[in-house]
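Here is a short briefing on how one chain packs. It covers aromatic pairs, a helix and the nonpolar cores.

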Amino acid sequence: MAKNKSMLDFSTGDYVVYPKHGVGRVTEIEAQEIAGTSLELYVVRFEKERMTLRVPTNKAETVGMRRLSNTATIQEAFTTLKGKARIKRTMWSRRAQEYEAKINSGDIVSIAEVVRDLHRGADQPEQSYSERQIYEAALGRLARELAAVEEIDEQSALTRLENVLIAA
């Protein structure tokens with residue numbers, strides 16, 4: 001157990017990925033007393049959503065909070081983007097639930113699968129409103145993590161992802 005704790009020992013200034021919200025930054029580690037119990041909390045700021053989240057340090061692993069992906073995982077996500085779209089022949093509502101679950105998993109390769117499957121080339125029919133919403137959510141999540149990993153701005157990350165999708 002002690003080994004896992006050090007793996008998830010975040011410091012102020014670290015970028016982290018919180019499954020339901022994407023990339024945030026640890027702004028501070030604070031102690032608070034809640035119901036008579038002293039708790040140590042990571043204060044995580046999500047700029048894009050203008051939101052701050054307080055996560056108990058002992059619950060970070062349980063909720064799926066993790067470090068940014070490494071280069072190998074980013075490469076795996078790019079390989080996934082270049083793959084052939086796999087669209088199941090199930091009802092849209094069922095697929096939409098699966099896509100949302102993949103996005104909220106926080107797993108960058110699963111998010112890349114959603115982007116790949118919902119991407120539409122210029123020669124393909126328009127997306128429905130809900131398809132577009134899910135696609136943009138997944139693309140944004142992927143771009144924010146890529147930008148944080150490669151220390152580039154989000155727009156550059158988006159452009160890079162779109163170029164990969166067009167080339168595929």
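**Aromatic pairs and core packing**

Tyrosine 18 and phenylalanine 46 are both buried. The model is a predicted one.

**Aromatic pairs**

- The count of aromatic pairs comes to three.
- Tyrosine 18 belongs to strand β1 (residues 15–18) and phenylalanine 46 to strand β3 (residues 37–46), so the pair ties together parts 28 residues apart in sequence.
- Tryptophan 92 and tyrosine 99 have ring centres 6.1 Å apart and planes at 50°, so this pair is tilted.
- Tryptophan 92 counts as partly exposed because its relative accessibility is 24%.
- Tyrosine 99 has 5% relative accessibility and therefore counts as buried; the cut-off for buried is under 20%.

**Nonpolar cores**

- The largest nonpolar core holds 27 residues. Leu81, Val115, Leu142 and Leu161 have the most contacts inside it.
- The elements that give two or more residues to this core are α2, α3 (92–105), α4, α5 and α6.
- The most comes from α5, which gives eight residues to this core.
- A second, separate core has 11 residues, including Phe10, Tyr18, Leu53 and Val55.
- Leaving aside neighbours within four places in sequence, leucine 161 is in contact with Phe78, Leu81, Leu139, Leu142, Ala143 and Leu146.

**Helix α6**

- Helix α6 (residues 154–167) has 14 residues and should span 20 Å at 1.5 Å a residue. Its end C-alpha atoms are 20 Å apart, which agrees.
- The buried residues in α6 include Ala157, Leu158, Leu161, Val164 and Leu165. They cover an arc of only 125° around the axis, which puts them on the same side of α6.
- An α-helix has 3.6 residues a turn, so residues three or four places apart point the same way.
- Ile166 and Ala167 are exposed, on the face of α6 turned away from its buried side.
- Among the elements that cover the buried residues of α6 are α2 (71–82), α4 (108–118) and α5 (129–150).
- At the start of α6, aspartate 153 has a side-chain oxygen that reaches to within 3.3 Å of the backbone nitrogen of glutamine 155.

Technical notes
Residues numbered from 1 in each chain as written. Predicted model: local features only at pLDDT ≥ 70, side-chain atom pairs only at ≥ 80, totals over all residues. Heavy atoms only, no water. Helix = DSSP H or I, 4+ residues; strand = E, 2+ residues; numbered from the N terminus. Expected span 1.5 Å × (residues − 1). Buried < 20%, exposed > 50% of the residue type's maximum accessible area, 1.4 Å probe, protein only. Arc of directions from axis to C-beta. Contact = heavy atoms within 4.5 Å. Polar contact = N/O pair within 3.5 Å; in protein donor to acceptor, adjacent residues only side chain to side chain. Core = buried A, V, L, I, M, F, W, Y, C linked by side-chain atoms within 4.5 Å. Phe/Tyr/Trp six-rings, centres within 6.5 Å; stacked < 30°, edge-to-face > 60°.
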